[in-house]
Amino acid sequence: MPSRPPPPADTEDLLHAAPMSASLRALARRGVQRPLRKGAQLINEGDVGDTIYIVLHGRLRAYTTGSDGRELTYGLYGAGEFVGEMGLDGGARSAHVEAVEPTLCAMVTRATLETHLQEDPAFAFELLAKVIRRARSATLNMKQIALNDVYGRLKALLDTLAEAQPDGSRLIDPAPSHLEISQLLGCGREMVSKVLKELEKGGYVEVGRRRLRLLRPLAAKW
């Protein structure tokens, strides 16, 4: 049975709760709300579009599909983040984007963005910085896929996502699923499950539902 879109919510409450800059929050207020069911396709790779989508609630996944049907995830984006900026030049969309859970976005057209930039030119630097960070992250991911084995790529991903806790451990909450991790790493889900199980047996990680705790530093090599 298909999931339903998120229930109606007070947009101002969502805007205040989402971690975003004051300028991005102001831009989101100019947008049109777009509710999405889990699994709904927001952007198709190759399409032409001039809109960006600011996530107010839920999560989006940007990905591509190979000729063999395997998927590679470029990133997961939650509340306070946006997608679609690569299409603002009028070119083809560079990735598919789907909702991985019920999601609410603010849809902002290029014309609306241009008006916003006229009133707040400094936002152009925020937008540019986001594009640069994502390009740098994509380059690093491709380098890791080329040079590292599955464990090495998984270690790099966990180290990036984990946040230090007062007890000395590091926590990923919410943690991506094994399938989402495999799509981020460009490998099979079974391999991810196998490596995480070995790490858990070795006392390196504690795996829970949507939570993953790193109990001690991960070994450089497995």
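I call a residue buried when its relative accessible area is under 20%, exposed when over 50%, and partly exposed in between (1.4 Å probe, protein chains only). I am working with a predicted model, where local features need pLDDT of at least 70, side-chain atom pairs count only at pLDDT 80 or more, and totals for chains, interfaces and linings use all residues. Residues are numbered from 1 along each chain as its sequence is written, and side-chain values use heavy atoms, with hydrogens and water left out.

**Entry: His96**
I found His96 in strand S7; strands here are DSSP runs (E, at least two residues) and helices are runs of H or I (at least four), numbered from the N terminus. His96 is buried, at 18% relative accessible area. I also saw that a polar atom of its side chain lies 3.0 Å from the backbone nitrogen of Glu45.

**Entry: helix H5**
Next I looked at H5, which has twelve residues, 150-161. From first C-alpha to last it reaches 17 Å, close to the 16 Å expected at 1.5 Å a residue (1.5 Å times one less than the number of residues). Its buried residues include Tyr151, Arg153 and Leu157.

Which residues lie nearest the centre of the second largest pocket? I noted Arg59, Pro176, Ser177, Glu180 and Arg210, out of 22 lining residues. A pocket is an open set of points on a 1 Å grid over the protein atoms alone, where a 1.4 Å probe fits, with protein on both sides within 12 Å along at least five of seven lines; lining residues have an atom within 4 Å of a point. Helix H6 gives the largest share of this lining, four residues. Domain 1 (11-120) and domain 2 (146-214) both contribute to the lining, so the pocket lies between them; the bounds come from an automatic or database domain assignment.

Methods
Polar contact = N/O pair within 3.5 Å; in protein donor to acceptor, adjacent residues only side chain to side chain.
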